[in-house]
Amino acid sequence: MDDLATPTPHAARSLELPSRFPSGFEAACTRVGMRHGPGDDLALLVAPPGTTVAGVFTRNRFAAAPIDLSRRHLAATGGSGRALLINAGCANPATGPRGVEDANR
């Protein structure tokens, strides 16, 4: 059996957003084609100005460039943030300088 051709257990489901968020928060999700099979694979959560944020990151020494960038942004802002972009099916680890350039762009 080819494991790469087998859909993941969540492939047939889409992210269901709650009908109401805390005051000032907005969210959206869609399918952009990063993950194989049906279902949404990109979500955006936008918080009101002045929101305090925190992050929990992998401890893996080979974290992808977007993880390193997110750590730096969080440290530089002292925990202030407005948006969280979440993707499924596209980790992009071990991309070297090109991955760093892409994450920064």
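**Strands and a helix**

Q: Which residue stands opposite Ala83 in β3?
A: Val46 stands opposite Ala83 there. Strands are DSSP runs of E, at least two residues, and helices runs of H or I, at least four, numbered from the N terminus.

Q: What sort of model is this?
A: This is a predicted model, where local features need pLDDT of at least 70 and side-chain atom pairs 80 or more, while totals for chains, interfaces and linings use all residues. Residues are numbered from 1 along each chain as its sequence is written, and side-chain values use heavy atoms, with hydrogens and water left out.

Q: Back to β3, how many bridges does β3 share with β2?
A: Five bridges join β3 to β2, residues 42–46, and the pairing is antiparallel. Two strands pair if DSSP finds at least two bridges between them.

Q: What's the strand order in the sheet?
A: The order is β1-β2-β3, in an open sheet of three strands with antiparallel pairing.

Q: And which strands are at the edges?
A: The edge strands are β1 (26–30) and β3 (83–87), and each of them pairs on one side only.

Q: Switching to α1, how far apart are its end C-alpha atoms?
A: The ends of α1, residues 65–77, are 18 Å apart.

Conventions:
The expected span of a helix is 1.5 Å times one less than its number of residues.
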